[in-house]
Amino acid sequence: MSIASKPAGFLLPETPVEAFGPVVRDQVFLEGRTFLVEHPSESDRLLDHPAVRAAFAVDEYLPYWADLWPAARMLGKAILKEPWTPGLHALEIGCGLGLPGIVALSMGLRVTFSDYDATALRFAGDNARLNGFDNFDLLQLDWRSPPADLRVPVVLGSDLVYEIRSVAPLVGLIKKVLEPGGLCLLTDQDRVPSQHLRDCLTAEGMTFTTQFMRAGEPGGRRVKGSLYRIRHQS
């Protein structure tokens, strides 16, 4: 396991530990398998912390990473059903707590967890180790300025399309880092910007299909969404 340094010229956020409450551990059940995920128990507290307010003032950044979103469960289910070649390098973007990347590790992939927030990366790494994995990397990443040499055959992402302004940088990142012939699996709760995502993918010459998905906590509300299978042909 290693963590990459911040890109030169960028001061990326690191949510202070004291900004959230106690950490709790959940069992996540996917396709008959169980994964463990630790996360802040009081994520709403983050919004009132001065450091979080300062990060929002600079770049309208909010620490969405602190919750386990339904689309992460959707992506985990999709990863478990995919016929992977062991050893493929997968990049999880906006990894948050790291559930999809952990599922990918369980399928024999080599995973780099990436996120804008250094604290999210610490949670993702700790959760990977909690599930018995140590063959991963951590990368603090701004979608707008990825490392020039970052190329992978697999990109994973879930619940990344919150605002229209984030769609173009997201699609640009996928196009830059996904190898020709590679596969990006992305899940979304069909939020309002999803049509803009489709339009942007088409404009960038990337092919994609969509598939209906559903996920939720056992005994809780079930959420509908979509799985995007995105390919970069050139």
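**Notebook: a helix pair and other finds**

I began with two helices: the axes of helix 2 (residues 70-81) and helix 3 (residues 99-106) come within 8 Å of each other and cross at roughly 15°. Because angles under 35 degrees count as roughly parallel, I wrote down helix 2 as roughly parallel to helix 3. A reminder to myself, and to you: this is a predicted model.

I then looked up the handedness, and helix 2 passes helix 3 in a right-handed crossing.

Which residues of helix 2 and helix 3 meet? From helix 2, I listed Ala 72, Arg 73, Leu 75, Gly 76, Ile 79 and Leu 80. Their partners in helix 3 are Leu 99, Pro 100, Val 103, Ala 104 and Ser 106. I sorted the residues of this contact by type and found eight nonpolar, two polar and one charged.

**The whole chain**

Next I stepped back to see the chain as a whole. I found six helices and nine strands in the chain. Of its 234 residues, 53% are buried. I also looked at contacts between residues with a separation of 6 or more, and 71% of those contacts join residues 24 or more positions apart.

**Cysteines**

How many disulfides does a search of the whole structure find? My note says zero. For background, a disulfide is a covalent bond between the sulfur atoms of two cysteines. I checked the surroundings of two cysteines while I was there. Cys 95 has a relative accessible area of 5%, so I marked Cys 95 as buried. Cys 184 has a relative accessible area of 1%, so Cys 184 is buried as well. The cut-off I used for buried is under 20% relative accessible area.

**Positive phi**

Glu 31 is one of my finds, with a phi near 50°, a positive value in a residue other than glycine. Where does Glu 31 lie? I traced Glu 31 to the loop between strand 1 (23-30) and strand 2 (33-40). Its relative accessibility is 44%, so Glu 31 counts as partly exposed.

I located Asp 190 in the loop between strand 7 (178-188) and helix 6 (194-203). With a relative accessible area of 36%, Asp 190 is partly exposed.

Note on methods
Residues are numbered from 1 along each chain as its sequence is written. This is a predicted model: local features need pLDDT of at least 70, side-chain atom pairs count only at pLDDT 80 or more; totals for chains, interfaces and linings use all residues. Side-chain values use heavy atoms; hydrogens and water are left out. A disulfide is a pair of cysteine sulfur atoms within 2.5 Å. Buried means under 20% relative accessible area, exposed over 50%, partly exposed in between (1.4 Å probe, protein chains only). Axes are lines fitted to C-alpha atoms, for helices over the stretch in contact, and angles run from 0 to 180 degrees between N-to-C directions. Helices (H or I, at least four residues) and strands (E, at least two) are DSSP runs, numbered from the N terminus. Angles under 35 degrees count as roughly parallel, over 145 as roughly antiparallel, 65 to 115 as roughly perpendicular and the rest as oblique. A crossing is left-handed if the near helix is turned anticlockwise from the far one by less than a right angle, and right-handed if clockwise. Contact means heavy atoms within 4.5 Å. Ala, Val, Leu, Ile, Met, Phe, Trp, Tyr, Cys and Pro count as nonpolar, Asp, Glu, Lys and Arg as charged, and the others, Gly among them, as polar.
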